Structures are given as C-alpha cells and as structure tokens.
Amino acid sequence: MSVIADYLNKPGVAMEGIDDLEAASELARSRGWSDGLPIVPPTADRVQRMLAYCDRPWDEPIAQMPPRNGAATPLRIAANAVMAGCRPEYFPVIATAIEAMCDQSFNLYGIQTTTHPVSPLVIVNGPIAAELAINGGHNAFGPGWQANATIGRAIRLVLLNIGGAIPTVGDMATAGQPGKYSFVVAENEAASPWEPLHVERGFARESSTVTVVGAEGPHNINDHESDTGEGILCMVAGTIGITGHNNVYYHSEPLLALGPEHAKTIARDGYSKADVKRYVFEHATVPLRKFSQRNYERRLLKNFPGRYDNAPPDTPVPPCQSADDVMVIVLGGAGKHSMYLPTFGETRSVTRALKLANGREARSAREFGV
Amino acid sequence: MAELRKRGLRTGVICSTPFEKLGQAQARVFGAPDLPLMMIQHPLGGIPLDDVRARDQQAMPKVLALIETVLKGAD
C-alpha cells in the first residue's frame, strides 16, 4: 500500500463508511464544510483517484490561503474537488488556479474578506479547455457543463474550507453574487478574430493557461442594431462608463467579454484588440459631475492626487488607468450580446501555465498522471 | 495591529459590530488571540458627522481603558 493510501485509510482521515449522499452531505453541512449543496463523499478511494492527476507531493502546500492562512495541500484540494463532483483530470486546472489566486498581486485576502461582491473568475485558455470540455461558447456562464460547474465549485469549496471564507466570519460580502458558487469559463478562441488572452500575455498558443480575475458578476451589453464596429464599441463604452463600480477608483483591469458576433464586426472594421482597449479607455468615461460630492472628495481626490483638483464638471473619469489595463476576451455563442465584468479594483489578474513539477509546461492533463 | 502586538506593543482594534467574528478569527490567525476589539455600532461610513462623533464616544472609554492598562504595566 502506498504512503498516501496508508494516510487516507487511517481512521478519521477520509469520509469512510458514509457513502450515502444524504448522510455525507449532512455531515459536511454540520461541520461547516459546505457551500450548501450536496457533496460527493471524499472517500480514500476517490481522493486517491483525484490525486492520480497530481505529480507534486500530496502533503506539501501549494499556497497558504487567506484569511485563515490554511495550507492548500494537494490532498486537501483533492478532497474538495471530490466533494464538488470533479473528474480527476480536472485537478491540474484547479491546482493551477489556486496557485495563481494566491499570488500576492491578486490580493486574495481582500477578495475573500471584503463586503464587495467579488469572486475569483477562472478563464482557461489553450488546448486543455477542449480536452476537458470547458465551455466558452453558448451559455458559458450558465449551467450544463460538468467542467465549468464542478471546477468552479471545487475552487469555491477550497476558498471556504481551506481559506476560511465562511460567510459572516471570513467572508463579509454585503450580498455576494451567484459566481461565488462557480465561476469558470474557457475563452472562445476559435471564434476570436484576435490573439487569445494567454498569447497576448506572452504564452504560446499551444500552452494551456489559467487566468484568475477578481470579478463581479457579468453585466450584459445588448446591441442588436449596430452594424459597424464603432457602433458596437459605442454601446460597449456606454455600458462600462458608470459610477458604481470599483474600477474607476483604482489601478484596475475591467474585463470585457465580447460575444463572437460583436467581435467579428468590430474586427471587420479594422479594430485590433489594442484598438478596442484604447476605445474603451477613451470613451467609457464618466463625467465628474455624476459622482456625488463625497465620492469626489473621498475617493477621486484621495486616490488620484492632483488629477481632479478644481476640475470642471465635465472632466472625463476613465474606467481604469491605462488602455492596456482593459482586459478583452471573446466568449459565448451566436447572438448580439457581450458582457462587462467590473472587478474588485484593488487586484491584478494572474495568468499561469499548467506546469509539471519539473517546471515543464504540460500540453495535456494526462501528463500529470502518476 | 496583531503584528505590533506580537512585537510587544499594546494595541487594539476599533471594530463595528458585524465584523466582530472576522476580527476575532483574524486575531487568532495572526497569532494575537488576545488582541482587544473595541466594538462600536455599525455603520461608520455614510453617516452624518454627529453620528460619527457618537461612535467616537462609544469607543473612547475602551481606548482609555486600554491606555490605562499600559500605564499600569498590566495587559
């Protein structure tokens, strides 16, 4: 018997003898290990099968996860992935996402504990998305896809059970948002007229990557009428240019998820991805007069010393601090809809390639098999 | 504050009521489980200045008591 099997078969380590779903779910709920939904019992056998897709030591933490500073070991992550209903081959994506969101620049401490309705959104790029059937097409944010539903749920269970983001104790969200149950998509690279997110960030197209974004829920951008790229971008800018999100106050990265049909029209009319970013930065502005006096005084004046002192009421306030900070992906299926996702503001997205323990990039989940 | 307390300084945190459990949990996480939480009524933001001053009155006796423990050399 292997060392991991020895460990998992010790009394009290894995959930043995409770393979009944209702009893296991009730036990998890009673111990505070739950997102409220039923769980798959994390038996020794299931956890071991999950860890078959992990080539790192099962007991060495990948990260310390705030606010509890819990040790996110492969073993604990695997138990949560089992509970969420994941297939074992999803494990490398989950582990890479956990590692990415524990990067200091992501500010997971703030994201976990804030009153703001933010949750880590995971965007998957590269061939792993098709291999695992992670949806980036029709209804990408919606139900019906095991990979999207359960990878996102596993991450939330890790944030709860290892990170300690327990509502009212570690997670102080005023109202939260549905993406806190599960929030995973693939970019629809096949339908994009531009380079995908990971290529834009310096990875090879055949690399598989995970990008984490501290995002609010998506807001629709409906435009069935514009027949030019400029017309669609005008509607995009009008939707992003609002006062009530964090992006205007910080060095943030607002996320624009263009539907394929909108993206195609915009590209047809000669816009590169950089052009789209520049358009959004220059046009998705809010006139200073739309901010309340207190927000002007306590946020804009304070966060941007000198920029808005004695500024005229029509001074444009941009949605972020540079055009490069606007994130653009292509997402979804047929239809004239795009999405805007404001972010937590005080966070930077993090992109990581799926890598084996030896540092080499993995092209397939199967390479993690041990 | 927890870090300062671990370094030997007497510190405390003024905290509004809904954040008490978070404050207690984080004090434990950061290794200062006895970090005093001086509770005030929520909210502190978005209220008139007179109401902010009332919060000040809630917190002040607790801040003074903490200072007193420092002056007496007790904690």
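**Entry 1**

I began with strand E3 (residues 119-125) and strand E5 (residues 209-215) of chain A, which pair in the antiparallel sense over seven bridges. Two strands count as paired if DSSP finds at least two bridges between them. I looked up A:Val124 and found that its bridge partner in E5(A) is A:Val210.

The model is a predicted one, in which local features need pLDDT of at least 70, side-chain atom pairs count only at pLDDT 80 or more, and totals for chains, interfaces and linings use all residues. Residues are numbered from 1 along each chain as its sequence is written, while chains are lettered from A and ligands numbered from 1 in the order in which they are written. For the element names, helices (H or I, at least four residues) and strands (E, at least two) are DSSP runs numbered from the N terminus.

**Entry 1**

Angles here run from 0 to 180 degrees between N-to-C directions, and axes are lines fitted to C-alpha atoms, for helices over the stretch in contact.

**Entry 1: helices on the sheet**

Contact means that the C-beta atoms of two residues, placed from the backbone, lie within 7 Å.

Is helix H5(A) enclosed or open? Ten of the eleven residues of H5 (residues 91-101) are buried, so the helix is largely enclosed by the rest of the structure. The buried ones include A:Phe91, A:Val93, A:Ile98 and A:Met101. A residue is buried if 20 or more other C-beta atoms lie within 10 Å of its own, exposed if 12 or fewer, and partly exposed in between, with C-beta atoms placed from the backbone.

**Entry 2: H4 against H8**

I looked up helix H4 (residues 74-84) and helix H8 (residues 146-161) of chain A, which pack at an angle of about 130° with their axes 8 Å apart. That makes H4(A) oblique to H8(A). On the H4(A) side the contact residues include A:Ile77 and A:Ala81, and on the H8(A) side A:Arg153 and A:Leu157 are among them. I noted that the contact residues divide into seven nonpolar, three polar and one charged.

**Entry 3: A:Gly238**

I located A:Gly238 in helix H10 (residues 229-240) of chain A. A:Gly238 is partly exposed, with 13 other C-beta atoms within 10 Å. From A:Pro74 it is 164 residues away in sequence and 44 Å away in space, C-alpha to C-alpha.

**Entry 4: chain B**

Along the sequence they follow the pattern α-β-α-β-α. Its C-alpha atoms fill a box of roughly 35 × 30 × 15 Å, taken along the principal axes. Of its 75 residues, 5% count as buried. I also checked where the chains meet: eight residues of chain A are in contact with six residues of chain B.

Conventions
Parallel < 35°, antiparallel > 145°, perpendicular 65-115°, else oblique. Nonpolar A, V, L, I, M, F, W, Y, C, P; charged D, E, K, R; others polar.
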